[in-house]
Amino acid sequence: MIARGAQRGFGLFELLVALALVAATTAVAFRIMGGAARGAGDAERHTRAVLLAESRMAEIGAAGPLRPGEATGDGGDGYLWHVSIRPFQTGQAAPAPGAPVALQVTVTVAWGSEERPGEFSLTTLRLAPRPR
């Protein structure tokens, strides 16, 4: 038997507390899922930049001998690339006549907006015939 005056069920206060807990938990869950989705998108953009930089690096010197200089281009989908080829300073004495020259090749890919910019660079050394 139930005693007189005893409550059966939830009161208004308990119901409001439970609703507040559910709302807070849902907000935290959505924030976590949003952060995970943003992180996955950032990883995808970074991977595309790496692939573009590697592709540009592989093309350098394929059409002919390397020469110092710079080039810029559009990689599509908001990706911009920049190639810089400069003589590499070794600090050594003058190389032997006819010896190849070392060139520092840097490919930089930039993407994103002013609020969330992204940039990736690859740098390597390549040997090229000494200019005559």
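Okay, let's start with the pairing of E3 and strand E4, residues 117-128: they run antiparallel and share twelve bridges. When I say two strands pair, I mean that DSSP finds at least two bridges between them. Helices (H or I, at least four residues) and strands (E, at least two) are DSSP runs, numbered from the N terminus.

A word on where this comes from. This is a predicted model, where local features need pLDDT of at least 70 and side-chain atom pairs count only at pLDDT 80 or more, while totals for chains, interfaces and linings use all residues. Residues are numbered from 1 along each chain as its sequence is written, and side-chain values use heavy atoms, with hydrogens and water left out.

Back to E3 and E4. They form a hairpin, with four residues between them. If you want to find your way along this pair, take Val105, whose bridge partner in E4 is Thr124. Then go to Val109, which stands opposite Phe120 in E4.

Next, the loop between strand E2 (79-87) and strand E3 (101-112), which is where you'll find Ala93. Is Ala93 buried or exposed? Exposed, because its relative accessible area is 66%. The cut-offs here are under 20% for buried, over 50% for exposed, and partly exposed in between, with a 1.4 Å probe and protein chains only. Ala93 and Met57 are 36 residues apart in sequence, and their C-alpha atoms are 29 Å apart in space.

On to the other hairpin. Strand E1, residues 69-76, runs antiparallel to E2, and seven bridges join the two. Gly76 has Tyr79 as its bridge partner in E2. The E1 and E2 hairpin has two residues between the strands. Asp77 is found in that loop between E1 and E2. It's one to look at: Asp77 is not a glycine, and still it has a positive phi of about 55°. Asp77 also counts as exposed, because its relative accessible area is 62%.

While you're looking at strands, one general point: in a regular strand the side chains alternate between the two faces of the sheet.

Let's zoom out. The protein has one helix and four strands, and from the N terminus on the order is α-β-β-β-β. How does the radius of gyration of the protein compare with that of a compact globule? A compact globule of 132 residues would be near 14 Å, but the protein has 30 Å. That radius is taken over C-alpha atoms, and the globule rule is 2.2 Å times the number of residues to the power 0.38. The C-alpha trace spans about 110 × 30 × 25 Å along its principal axes.

What about burial? Of the 132 residues, 19% are buried. The accessible surface comes to about 10,100 Å², and carbon and sulfur atoms account for 61% of that; the areas come from the Shrake-Rupley method with a 1.4 Å probe, and for residues only the protein chains shown count as cover.

Last one, contacts, meaning heavy atoms within 4.5 Å. Among contacts with a separation of 6 or more, 50% come from residues 24 or more positions apart. That's it from me.
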